[in-house]
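Please look over the sequence and the structure below, and then follow the account of its pockets.

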Amino acid sequence: MTVDSAILRATMRQWATGVTIVTTVWEGEYAGMTVSSFTSVSLEPATVLVCLNKESYSHELVQKSGVFAISMLGTGQDAISNRFAGFDPTVTDRFEGMKLFTAATGSPMLADAAAYLDCEVRSTQDTSTHVIYIAEVVYAQVDPDRAPLVYYNRNYHLLTAVEPTNS
């Protein structure tokens with residue numbers, strides 16, 4: 001039995017997630033997109049995964065290059081998230097005017113993000129519409145004072161600490 005896609009979308013909107021920009025480089029050409037399907041897999045060795053739509057140009061370049069970087073966005077960077085999600089059709093170069101840096105793989109990372117991971121693909125899993133890329137982290141950096149950008153139910157939100165309750 002298959003779940004209706006509208007029901008699944010409504011259900012998945014209840015899952016709060018951080019916002020990342022996944023970027024890559026192949027033969028000097030950059031590609032990047034907003035991705036929320038990202039998670040840590042293992043600490044030893046340091047491994048993460050991202051899911052990229054097969055129809056995206058970023059997927060094509062990650063497939064060719066075997067590398068990608070993740071910039072975990074911080075609060076106040078919702079315009080960057082929207083830019084890399086392709087919400088503005090007038091933006092033809094998502095990287096134009098962006099402050100970038102690179103680490104081990106040469107994949108661009110967005111300056112001023114909350115955290116960064118530079119990754120080398122170790123394996124893939126093909127699904128119907130997406131490819132899951134499992135990658136080893138070869139570089140990591142974090143700004144521990146920067147709160148993450150959070151996406152929930154089609155909007156960006158700020159985190160608020162909740163005091164633990166005694167049950």
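The second largest pocket has a volume of about 180 Å³, where a pocket, on a 1 Å grid over the protein atoms alone, is an open set of points where a 1.4 Å probe fits, with protein on both sides within 12 Å along at least five of seven lines, and a volume is the space filled by probe spheres set on the points, which are joined across faces, edges and corners. This is a predicted model, in which local features need pLDDT of at least 70 and side-chain atom pairs count only at pLDDT 80 or more, while totals for chains, interfaces and linings use all residues. Residues are numbered from 1 along each chain as its sequence is written, and side-chain values use heavy atoms, with hydrogens and water left out.

Lining residues have an atom within 4 Å of a point, and the second largest pocket has 15 of them, with Ala31, Gly32, Tyr57, Thr92 and Arg94 nearest its centre. Strand E3 supplies the largest share of this lining, four residues, and both E3 and helix H2 (57-65) give at least two; helices (H or I, at least four residues) and strands (E, at least two) are DSSP runs, numbered from the N terminus.

The largest pocket has a volume of about 1,200 Å³. Its lining is made up of 31 residues, and those nearest the centre are Met12, Ser36, Ser37, His130 and Tyr151. Among the elements that give two or more residues to this lining are helix H1 (5-12), strand E3 (29-35) and strand E10 (130-142), and the largest share, four residues, comes from H1.
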